[in-house]
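Hi,

Here is the structure I promised to pass on. Please open it alongside this message; my notes follow below.

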Amino acid sequence: MSKTTVASTGIDLSDTFAFTGTVTGTPHGLIRLNGTSGSSGVANVTFDSIFSSSYENYRIIGTHTMSSNDAETRMVLRKSSSDQEDSYRYAYNEVTRESSGGAQSYQTAWDNSIIKLTVGSSNDTSEMVSTDITVFAPKDATKETVMLVRCSAYRSANGNWYNFAGGVWTEGSDGQNNDGFKIYPSTGTLTNYKYSVYGILDS
């Protein structure tokens, strides 16, 4: 039987509780705004009108696999349901590891048409691309959008695990007043995808 009151001796955490009231107070940290998931292939994962004046900064967390082996994972910002395909500048530290050892290099671009999140990844359903992206002030009309990016993936084409960690910034008006984003493959589809978008509370 579910408990409906708290005994004077306190709460037994092994009990089952029935709650019919309302939780009040100020939440802290991340507020999940929306999400999507599925197993069948989709051309892209797109969130429009997800960035607003309600939050200044956002966090995107997700995983997916590829239908086409060694396809890149790419991203663009969106404004009024249209892709912004210009003025992306990024610099990533690229660390790789295979059975015989590891290596370190860089991935950079200047005024690129897309944001590259991987250089390719496996289409094995057990080998996910994992993404964790913090987006700063995408909806602000006075600031250029900056992102901190971390992505990990296995590339079966050369037997290496990859970890990207770095930053993306957008120049001029292309980086201002963006209200959404799109993540998509360079070829094929995204499969076994699960993405959530969170607003970051100021306090």
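The secondary structure comes to 13 strands and zero helices. From the N terminus on, the order is β-β-β-β-β-β-β-β-β-β-β-β-β. Please keep in mind that this is a predicted model.

Overall dimensions: the C-alpha atoms fill a box of roughly 65 × 45 × 30 Å along the principal axes. The protein has 203 residues, and 40% of them count as buried. Its accessible surface is about 10,600 Å². Carbon and sulfur atoms account for 46% of that surface. Among contacts with a separation of 6 or more, 75% link residues 24 or more positions apart.

The largest nonpolar core has 36 residues, and M75, M147 and F181 touch the most other members. Strand β13 (residues 190-200) gives the most to this core, with four residues. What does F181 contact, leaving aside neighbours within four places in sequence? The list is V45, T46, F47, I50, F51, I60, M75, V76, L77, R78 and V197. Note that M75 is on it.

Then the surface. W110, F136, V146, L148 and W169 make a nonpolar patch of about 480 Å². W110 lies in strand β7, which spans residues 101-112. Is W110 buried or exposed? W110 is exposed, because its relative accessible area is 56% and the cut-off for exposed is over 50%. For context, nonpolar side chains in soluble globular proteins tend to be buried together.

Best wishes

Terms used:
Residues are numbered from 1 along each chain as its sequence is written. This is a predicted model: local features need pLDDT of at least 70, side-chain atom pairs count only at pLDDT 80 or more; totals for chains, interfaces and linings use all residues. Side-chain values use heavy atoms; hydrogens and water are left out. Patches are made of residues with over 30% relative accessible area and no salt bridge: like charges are joined within 9 Å, nonpolar side chains (Val, Leu, Ile, Met, Phe, Trp, Tyr) within 5 Å. Accessible areas come from the Shrake-Rupley method with a 1.4 Å probe; for residues, only the protein chains shown count as cover. A salt bridge is a side-chain nitrogen of Lys or Arg within 4 Å of a carboxyl oxygen of Asp or Glu. Helices (H or I, at least four residues) and strands (E, at least two) are DSSP runs, numbered from the N terminus. Buried means under 20% relative accessible area, exposed over 50%, partly exposed in between (1.4 Å probe, protein chains only). A nonpolar core is a set of buried Ala, Val, Leu, Ile, Met, Phe, Trp, Tyr and Cys residues joined through side-chain atoms within 4.5 Å. Contact means heavy atoms within 4.5 Å.
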